[in-house]
Amino acid sequence: MNGPSAEILKALETAPNIYLILSPELYIITASNAYLEATETTREMIVGKHIFEAFPDNPELPDADGVQNINASLQEVLRTGKPHKMRIQRYDVPDIRQPGKFITRYWDPSHTPVFDENGELSYIIQLANNITEQVLADKVRQKLEISERHFRLLADLVPAKISNARPNGEVTYVNQQWLDYTQLSLEEFRDFGYHQLLHPDEIAEFIERLANAARDKEPMEMEMRYKNAAGEYRWHLNIASPVLDDSGEITMWVGSTTEIQRLKEDDQRKSDFIGIVSHELKTPLTSLTAILQMLQSKLRKSEDSYVAGALEKANQQTKKMSQLINSFLNVSRLESGKILIEKQPFLISGLIHEVIDEFSLAGTTHIIELQNCGKTVVQADQPKISSVLSNLLSNAVKYSPKGTRIFVNCEVVGSEVQISVTDEGIGIRPEDRDRIFERFYRVKSNTHISGFGIGLYLSAEIIQHHQGRIWVESQTGKGSSFYFTLPL
């Protein structure tokens with residue numbers, strides 16, 4: 001059998017390329033070390049065998065047509081005497097570490113004939129480059145492109161406005177809803193500037209909250225206004241979610257922005273209605289309170305104890321009704337931005353004593369204990385802080401058994417004064433704690449305690465208007481502790 005010399009064989013075997021040397025009859029003369037390594041075989045196992053005996057076709061593998069493809073290429077070389085390059089082939093190599101398993105690899109094989117000095121075919125070189133990494137990378141890229149096309153198609157179908165942005169905030173994509181809303185192209189949207197669509201009153205808060213979300217690597221949610229093509233600002237719920245890589249770094253932002261203008265308008269109508277009704281109720285209630293007080297004064301010396309007691313109870317009920325109406329009015333003012341905070345310096349301990357005394361005079365059935373309250377002066381709206389304390393004490397009385405103790409604590413913590421009200425009541429379930437300060441939210445329980453779910457909402461808003469904090473700590477069945485802070 002005419003073939004390569006011993007020197008050529010040695011050179012081919014140690015070459016860094018993936019070579020297989022075949023005789024004109026397609027028997028394996030030798031293979032390079034790189035070929036043996038790539039195919040997980042040895043030279044002794046394949047040399048002297050026909051190529052299709054050494055590497056038989058396996059119909060169970062996805063590349064079952066590999067033998068036919070190689071045979072067709074070799075036959076083309078034998079017929080024409082010219083080199084032939086094949087298309088990319090998949091080759092599943094047995095995994096010697098896991099019997100019965102295969103490792104998928106991809107090659108770009110070619111067959112080159114080598115002739116002797118007489119022009120006779122001496123041998124054929126099968127050269128194969130391992131391009132597995134490139135093929136897999138292309139497959140991933142193709143999948144990503146398909147996924148991106150699907151994402152954009154879905155993003156154009158959903159009613160929300162969808163956007164993508166780089167970690168630095170540069171917008172890279174907006175869906176059709178954004179383009180329709182602004183009447184801008186993607187290039188105009190990007191060049192025009194995302195911030196130019198924001199209402200000026202919300203830009204500073206948006207930047208701050210987005211920076212905090214980037215720092216904490218958590219989604220940011222905010223109600224904000226965006227300008228449409230007609231120049232009108234309309235309310236939206238904006239959610240910006242960071243996408244993290246394997247190392248936890250932000251690779252992009254995905255934004256979902258849903259218009260809530262109609263909901264805002266409905267809320268405003270409700271607030272206006274509550275404000276009007278509450279205001280109209282105050283006039284007859286004020287007259288009723290005055291009449292009851294006059295009757296109480298005239299019948300003070302009456303020997304009829306029932307009448308005196310009934311008038312006292314009537315006065316207490318009208319006082320409760322007045323407090324409830326004032327709460328609704330405050331909600332209305334708060335929603336319309338008309339609630340005013342008038343700060344002045346006062347002793348926080350003095351205010352706490354006053355509120356506790358009011359509860360004692362009203363004949364509370366609980367024991368209220370004041371702990372650890374020094375002579376700390378705060379700059380705040382005294383009547384509104386008084387209403388916060390009254391609401392927390394009222395809730396402690398409502399939701400704890402008669403005769404139990406309520407602890408009021410006041411202490412300086414850093415640059416704030418911290419006030420807490422702790423009861424021995426029914427406690428708050430974990431699912432309710434995060435929502436208890438929402439407007440009109442009421443905890444579901446079997447106690448059937450009256451209320452509209454506005455007291456804690458108003459308290460939270462008042463404290464936030466003072467740049468303070470408010471929160472609750474609670475265990476079901478073991479009581480609750482409500483805390484709020486005021487800057488010193």
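The accessible surface of the protein chain comes to about 28600 Å², and carbon and sulfur atoms hold 53% of that area. Please keep in mind that this is a predicted model. Of the 488 residues in the chain, 37% are buried. The fold contains 15 helices and 19 strands. Among contacts with a separation of 6 or more, 53% join residues 24 or more positions apart.

**Helix 13 against helix 15**

- Two packed helices are described by the angle between their axes and the distance between the axes.
- Here, helix 13 (residues 382-398) packs with helix 15 (residues 455-465) at an angle of about 145°, and their axes are 9 Å apart.
- The crossing of helix 13 and helix 15 is left-handed.
- On the helix 13 side, the contact is made by Lys384, Ile385, Ser387, Val388, Asn391, Leu392 and Asn395; helix 15 contributes Gly455, Leu456, Ser459, Ile462 and Ile463.
- By residue class, this contact consists of 6 nonpolar, 5 polar and 1 charged.

**A look at Ser459**

- Ser459 is a residue of helix 15, and it is one of those that make the contact with helix 13.
- Is Ser459 buried or exposed? Its relative accessibility is 2%, so Ser459 counts as buried, the cut-off being under 20%.
- Leaving aside residues up to four places away in sequence, Ser459 touches Val388, Asn391 and Ile470.

**Aromatic pairs**

- How many aromatic pairs does a search of the whole structure find? The search finds 4.
- One of them joins Trp178 and Tyr181 in an edge-to-face arrangement, with 6.2 Å centre to centre and 80° between the planes.
- Trp178 and Tyr181 are 3 residues apart in helix 7 (residues 176-182), so about one helical turn separates them.
- Trp178 and Tyr181 are both buried.
- In the pair of Trp471 and Tyr483, the ring centres are 5.2 Å apart and the planes are at 10°, so this pair is stacked.
- That pair links distant parts of the chain, with Trp471 in strand 18 (residues 470-475) and Tyr483 in strand 19 (residues 479-487), 12 residues apart.
- Trp471 has a relative accessible area of 21% and is therefore partly exposed, whereas Tyr483, at 16%, is buried; the two values fall on either side of the 20% cut-off for burial.
- Trp178 and Tyr181 also belong to a cluster with Tyr226, linked by ring pairs.

Definitions and conventions. Residues are numbered from 1 along each chain as its sequence is written. This is a predicted model: local features need pLDDT of at least 70, side-chain atom pairs count only at pLDDT 80 or more; totals for chains, interfaces and linings use all residues. Side-chain values use heavy atoms; hydrogens and water are left out. Helices (H or I, at least four residues) and strands (E, at least two) are DSSP runs, numbered from the N terminus. Buried means under 20% relative accessible area, exposed over 50%, partly exposed in between (1.4 Å probe, protein chains only). Contact means heavy atoms within 4.5 Å. Accessible areas come from the Shrake-Rupley method with a 1.4 Å probe; for residues, only the protein chains shown count as cover. Axes are lines fitted to C-alpha atoms, for helices over the stretch in contact, and angles run from 0 to 180 degrees between N-to-C directions. A crossing is left-handed if the near helix is turned anticlockwise from the far one by less than a right angle, and right-handed if clockwise. Ala, Val, Leu, Ile, Met, Phe, Trp, Tyr, Cys and Pro count as nonpolar, Asp, Glu, Lys and Arg as charged, and the others, Gly among them, as polar. Rings of Phe, Tyr and Trp (its six-membered ring) pair if their centres lie within 6.5 Å; planes under 30 degrees apart count as stacked, over 60 as edge-to-face and the rest as tilted.
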